[in-house]
Amino acid sequence: MDLERVICPLHELDDPGARGFTMGEGDWPLRGFVVRRGAIVRAYVNHCPHAGFPLNWQPDQFLAPRAPLILCVMHGALFDIEDGKCVSGPCEGAALHSLPVSVKDGCVLLADGVPLEEPPGLGG
């Protein structure tokens with residue numbers, strides 16, 4: 001297992017729950033978050049497609065308080081956990097930038113080949 005690509009142990013990710021992570025070095029590392037609901041584990045770049053801000057203000061606070069949805073605290077946009085599509089808010093129809101992950105040996109891993117830097121063209 002490539003320890004550089006371990007995001008977190010699965011048992012440390014609540015159900016439902018989310019956790020932010022940073023991988024890579026330099027000025028533009030990959031900043032993302034992993035989210036879990038039941039057997040679904042997904043990861044996304046921590047970047048709202050509406051204005052380019054991080055989705056959270058507090059560490060690991062990515063979920064809406066009373067719904068199984070991802071929340072952008074800046075403008076209140078809501079995103080589906082499974083596919084990252086905006087279902088409500090100023091970027092409705094847009095989607096979060098997904099990151100391929102897997103669960104292996106009880107750990108959530110970022111897929112090999114994903115650059116450990118901010119993806120180009122995120123815009124804002």
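A polar contact is a pair of N or O atoms within 3.5 Å; within protein, one must be able to donate a hydrogen and the other to accept it, and residues adjacent in sequence count only if both atoms are side-chain atoms. This is a predicted model, in which local features need pLDDT of at least 70 and side-chain atom pairs count only at pLDDT 80 or more, while totals for chains, interfaces and linings use all residues. Residues are numbered from 1 along each chain as its sequence is written, and side-chain values use heavy atoms, with hydrogens and water left out.

Select Arg-5 to begin, in the segment before β1 (6–9); strands are DSSP runs of E, at least two residues, numbered from the N terminus. The side chain of Arg-5 reaches the backbone oxygen of Val-114 at 2.9 Å. Arg-5 is buried, with a relative accessible area of 10% (buried means under 20%, with a 1.4 Å probe and protein chains only). Leaving aside residues up to four places away in sequence, Arg-5 touches, among others, Met-23, Asp-112 and Leu-116 (contact means heavy atoms within 4.5 Å).

Next, select Pro-29, in the loop between β2 (17–23) and β3 (30–37). Pro-29 is also buried, at 6% relative accessibility. Beyond residues up to four places away in sequence, the contacts of Pro-29 include Met-23 and Leu-116.

Finally, display the open sheet of three strands, ordered β5-β6-β7 with antiparallel pairing (two strands pair if DSSP finds at least two bridges between them). β5 (69–71) and β7 (86–88) are at its edges, each with a single partner strand, so one side of each lacks a neighbour in the sheet. Three bridges join β5 to β6 (residues 78–80), and Leu-71 has Leu-78 as its bridge partner in β6.

Definitions and conventions. Helix = DSSP H or I, 4+ residues; strand = E, 2+ residues; numbered from the N terminus. Buried < 20%, exposed > 50% of the residue type's maximum accessible area, 1.4 Å probe, protein only.
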